[in-house]
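Please read it alongside the model.

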Amino acid sequence: MIGRLLLSLMAPVAIGAARAGDAAGGGAPAVTQETVTVREPADRLRADPTAFGTVIEAAQWADRITTLPDLLRGVVGVQVKSIGDTLSTVSIRGSTAEQVMVYLDGVPLNRAAGGAVNLADIPLAQVARIEVYRGMTPASLPQASIGGAIVITTRAPKGPASGDGWVSAGSYRSAEVSASYGEEKGRGGWRVAADGAGSDGDFPYLDPNGTPDDPTDDEVTARVNNDFRRGHALARGHWRAGETALGFELDAFRREQGVPGLDAVQSPTSRLETSRLLLSATAERPGLASGRLVLRGAVAWHDERDQFDGDGSGFFAQDSDNDLISTSLSGGGTLVAGTRHALNFLVSYRDETADLRDPSPAGGDVGLATRQVAGVTLEDQMVFAAGRIQVVPSLRHEATASDFDPGPAAGVVPGESDTSATTGRIGVKAELAPSWSLRANVGTYQRIPDFTEMFGMTGSVRGNPGLVPEQGTNADLGLAWEATGPLGAFHGLRIEGALFGTDADDLIVYQPTAFGLLIASNVSAARIRGVELSVQTGLGAHLSGALNAVRQEAIETGDSFRNGFPLPGRSDVEASTMLGGAFGRARFDWTFTYVGPNNVSTVANPDTELKARYLHDVSCRVILPHRLEATMQIHNLFDDHNVDLYRYPLPGRRYEARLAWAF
């Protein structure tokens, strides 16, 4: 199998050019990644000057008690689907959740076994920065995707010995604790942290009794089997050996939860256990070739296990015990060539194994699925007109080999599949005037079918090893204006608008057969068009605000009766706004999120349409003596009851309080 990959990678890949920056003395070009309210650090090579990206630093959510999914809900172009505190997935610019790559400290969390990344499994307590790339994937990341990427960076050792911790409590017997300690001294540093949370989740909701069009049988009842408990530990360290910087990380996570089911069909006993263990190491050597070359490498091992215990009836009958292990290697760097070019290059390899079992008495060994993905990426960053014009072309070649060795409980035949593809992108940024800038990108991307789609590892699903990857072409064009100084009452003002579009082919869907089975096929296509608007400002000396809004149309365009139908799970309009203020020792924050109505079915139907949501959160943080802080927050202030993904009820108004201490 590895031989097949190496032969495929020998396909020619054109070499582009790369932008030069301020790296002549430090080995790393300076970048100017745009953010919502902050600037990306100048030494980050992942930043792309032509990309439409959002960076959220920890200081931006310090006044709130929030979660990673709730933060992303306020990012322009991002749609979050949730079933409360235990499952949240994200799509960007109308993509599917599977088309968005999610990285934790550079390690991809997307699984070949299938399914989107659950952002609820990434506690926010230890996160330092979140980067959202819309419609493109930076060349420094090992895998491209149609929907963009989310890069999450945890808190690293920094400064003298110090620690912090907090405890919070809230509605429905919810609680959370966090603690960390570390130091940076001499040539190295270390940091350890742990956090945990839990909730009974027994909030009241409106049960439609399976007849949403008939309100006469509706009743308010309590959510059952909706509790969860989770624990998380993180250890990070770094060491400088000569000129080489080494980094090490261990991340461990475990969650045990109930699976309550839909609004009208609750399961009192179904349970799910999820665990994750991630080990990684990185190395970086700057200053080579007279300071014009920096090399870097990484290795990671990721073990994730899901154990589901169904209740033996209806939607919750299927038990599973899946162990997914992946090992990844990558190496690359940046070479500054002359005064106008810098070449970014990356070689990556990932090996994944999914050991699948049905632990029920009638089950057994489902099978062993394996996948190897190898890729080569070359990107050129070029500068013209004294830096006012930047052009970034890139090429990426990926080769994939997948195999499935079924066990006696699989019910499917063995299968294998080899694919390879070359994708490309070009981006442009132009400084039109001191306050005006323009950015544009166009590129091609793909998504490789997952194991479930290819090999069909459940009783009712039959895979198709002959599936080809989903293909997509993305394009965007945006104009930004930023005040160069105070503007009346506005202390800083930035406005950006962007048009975006995606044409996707060979979409993978499950089609029913005459025998009651579902078979995955490449049958459909889609077209997405939209416009984004974002505004960030400071108001006087005490207030700051932001507004984000998206209007989009996502429809099917394949040769079927669904041509022109809206893609399910995508709102036509979403918007969010934030207003924050600081007055003495008190800091206030108000956020509003609007999620427009959308349909969970491929055919518009009032019975399956999710209603619009209007969510208000208010919080107050007070700085106390002795490095203490107290935060109070009300979530969903006006008690808006609604449902989300697959009609899972969402909680109404909730209260939460937190006490934090730094030492």
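## Glutamate 284 and its partner

Glutamate 284 is partly exposed, at 34% relative accessibility. Here buried means under 20% relative accessible area, exposed means over 50%, and partly exposed lies in between (1.4 Å probe, protein chains only). The side chain of glutamate 284 meets that of arginine 296 in a salt bridge, at 3.4 Å from N to O. Arginine 296 lies in strand 16 (residues 293-309) and glutamate 284 in strand 15, so the pair ties together parts 12 residues apart in sequence. Arginine 296 is also partly exposed, with a relative accessible area of 25%.

A salt bridge is a side-chain nitrogen of Lys or Arg within 4 Å of a carboxyl oxygen of Asp or Glu. Side chains of opposite charge can pair when their charged atoms come close.

## Basis of the model

This is a predicted model: local features need pLDDT of at least 70, side-chain atom pairs count only at pLDDT 80 or more, and totals for chains, interfaces and linings use all residues. Residues are numbered from 1 along each chain as its sequence is written, and side-chain values use heavy atoms, with hydrogens and water left out.

## Pairs between strands 14 and 15

Arginine 276 and aspartate 251 form a salt bridge through their side chains, at 3.0 Å from N to O. The pair links distant parts of the chain: arginine 276 sits in strand 15 (residues 271-287) and aspartate 251 in strand 14 (residues 244-258), 25 residues apart. Arginine 276 is buried, with a relative accessible area of 7%. Aspartate 251 is buried at 1%.

Glutamate 256 and arginine 271 form another salt bridge, at 2.6 Å from N to O. Glutamate 256 belongs to strand 14 and arginine 271 to strand 15, 15 residues apart. Glutamate 256 is partly exposed at 25% relative accessible area. Arginine 271 is partly exposed at 21%.

## Salt bridges across the chain

The count comes to 36 salt bridges. Arg93, Arg134, Asp476 and Glu532 are linked in a network of them.

## The chain as a whole

The protein chain has four helices and 36 strands. These are DSSP runs numbered from the N terminus: helices are H or I with at least four residues, strands are E with at least two. Of its 663 residues, 51% count as buried.

Contact means heavy atoms within 4.5 Å. Among contacts between residues at least 6 apart in sequence, 62% join residues at least 24 apart. The chain exposes about 27500 Å², and carbon and sulfur atoms supply 61% of it. Accessible areas come from the Shrake-Rupley method with a 1.4 Å probe; for residues, only the protein chains shown count as cover.
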